[in-house]
Amino acid sequence: LKESLVIVDEAHNLPEAIRALQSCRLSLPVVEASLEQLSAYTKRYINRLAGRNLYYLGQLRTCIKSFIRYLKQEPRASRMISAGELLVELKLDNINLFKIIFYLERSRLPQKLLGFANNNGSNDKENDIGISRHVSSLSLVQTFLCRLNCTAEEGKFVTNWPKVHSDERPGNDKYPTLRFVALHPAAHFENVVSEARAVALVGGTLQPFGHVAAELLDNTFQTDAAKADAFIQSSSDSKEISLTYKSKNFAAFTCDHVVPSRNVLLERLSTGPSSTVDLDFRHKSRSTDAVIDELGRTLQHISTRVPAGIVVFLPSFSYEAQIIRRWKTCGIWNALNRNKRVHREPRRSTDVETTLEAYAKDAKTCGALLLSVVGGKMSEGINFANDMARCVVVVGLPYPDITDVELKEKMMTMDKSAGGMSGQAYYQNLCLRAVNQSVGRAIRHANDYAAIVLIDQRYRNDARIWHGLPKWLRRSDKKSEDPSFSKSMAQIEKFFGEQRE
């Protein structure tokens, strides 16, 4: 990469991609499989192994048994701890892990165990726990042992226990699992920045620039990014189609959408057709029958006024399942299906293409409505151009779980850094970035047009949320002094009438 120009597209995903590369996990079945294979291997070749080899195999077995004991204990509240703290709890603080890792690398034991397991048919168990026959369970143990030598600044460890009542979010662990979480992706991106002639981070949802800078760049660049955000925010009422901020080693560029503002309509709904129920999708109120029914009636009204396809983004799979159960009991589900053929985002990735084909066909013929989830498979990377999304509806604000230990650690890290973004601002931006990604599924070319409907009273009442939306979308808001539901429906009718002309 020396003296190269490095361009990273969809760069808002880069911090998480780096974290995923540096992080690792060790589940109970994987550790048990590695112990079983190690024991069988030792038993088979015990008469051929030198004393030194037997010593390190014994040390390794001690480590693996310790992992098993730890993961079989009674579930506790999840917490993040450093490598030193975990070693004490594992009772491995008196073992020289460097020597064990060196032995594994020099002897290539994980590769030998893989061949041994495949030849002896003991790798079938690994297929049941989601490990390829081409990956040794001991190699995963080796990677985890390496992470136990990391400092607290590089990353920490968390234990995930299976949830009895799953919230149906993808990624829940089926077995007790130890995870190493990389906390500072900037440490692994530093070499790219220092060696390359220039690095261009490109994407449609990079603002505020301070968010990405806080995760990927040093304090100097973070200060520049904060200044760029302040400059762009101060120019929010500017008629310019692009804005540029430059310093000695940093440049930020932002530009308007390719479509004219007349091709986009933004409506923010705080009440529904009954006008007696606030559309408030915070956790304490969103599960009430009154709010769920009002949402259903709102979508009914929208679906009678919007042609072709409508994509609705909901906060989670569990909430989607909850509202559908309710709608089926009160008749709203049947009413929606009379207006548009309703499709649901599938849980399995293998079913996405089939669902999209069926939805696209119905959208172009009889009209269709697709229920999706913010942060799911449909919210990023899918092209809902033309009739596939004449309207995008975002229900609620998808704030991450504030009690998540990983998120809390990241927010604490932000608060301690000398850069320009606080943990609270980071938390807020995670939510709005997810909203902006969902909104961006529509309006895919210069001649495209769509209505964007944001359903939650906070979109209208909270200035921080309003300013977190992209400039091109804010400009499409009609700013009517009458924020009533009937006025919004009239605006939607007028918008699509003008597009047909």
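Two strands pair if DSSP finds at least two bridges between them, and strands themselves are DSSP runs of E with at least two residues, while helices are runs of H or I with at least four, both numbered from the N terminus. With that in hand, welcome to this structure, which is a predicted model: local features need pLDDT of at least 70, side-chain atom pairs count only at pLDDT 80 or more, and totals for chains, interfaces and linings use all residues. Residues are numbered from 1 along each chain as its sequence is written, and side-chain values use heavy atoms, with hydrogens and water left out.

**The antiparallel sheet**

Let us start with an open sheet of four strands, whose order is S2-S5-S4-S3 and whose pairing is antiparallel. Strand S2 (24–27) and S3 sit at its edges with a single partner strand each, so one side of each has no neighbour in the sheet. Strand S4 can be followed through its partners in this table.

| Strand joined to S4 | Bridges | Sense | A partner pair |
|---|---|---|---|
| S3 (residues 80–81) | two | antiparallel | Met80 and Val158 |
| S5 (residues 177–182) | six | antiparallel | Thr177 and Asn160 |

Helix H3 (residues 51–71) lies across S2, S3, S4 and S5 and runs at about 100 degrees to S5; here axes are lines fitted to C-alpha atoms, for helices over the stretch in contact, and angles run from 0 to 180 degrees between N-to-C directions.

How many residues of S4 are buried? Six of the six are, so the strand is largely enclosed by the rest of the structure. Buried means under 20% relative accessible area, exposed over 50% and partly exposed in between, with a 1.4 Å probe and protein chains only. Gly155, Phe157 and Thr159 are buried on one side of S4, and Lys156, Val158 and Asn160 on the other.

**A space inside**

A search of the whole structure turns up two cavities of 30 Å³ or more. A cavity is a set of points on a 1 Å grid, over the protein atoms alone, where a 1.4 Å probe fits but cannot get out, and lining residues have an atom within 4 Å of a point. Grid points are joined across faces, edges and corners, and a volume is the space filled by probe spheres set on the points. The largest cavity holds about 90 Å³. Its lining includes Tyr70, Ile81, Phe157 and Trp161, and S4 (residues 155–160) gives the most to that lining, with three residues.

**The parallel sheet**

Elsewhere, six strands form an open sheet with parallel pairing, in the order S9-S14-S13-S10-S12-S11. Its edge strands are S9 (264–269) and S11 (341–344), each pairing on one side only. From one strand to the next, the twist averages 15 degrees. Four bridges join S11 and S12 (residues 368–373) in the parallel sense, and His343 stands opposite Leu370 in S12. Helix H15 (residues 332–339) packs on the sheet and touches S11 and S12, its direction making about 110 degrees with that of S11.

**A buried isoleucine**

Leaving aside neighbours within four places in sequence, the contacts of Ile292 (heavy atoms within 4.5 Å) include Tyr319, Ile323 and Trp327. Ile292 and Tyr319 are 27 residues apart in sequence and 9.8 Å apart in space, C-alpha to C-alpha.

Notes
1 Å grid on protein atoms, 1.4 Å probe; cavity = no way out; pocket = protein on both sides within 12 Å on 5 of 7 lines; lining within 4 Å.
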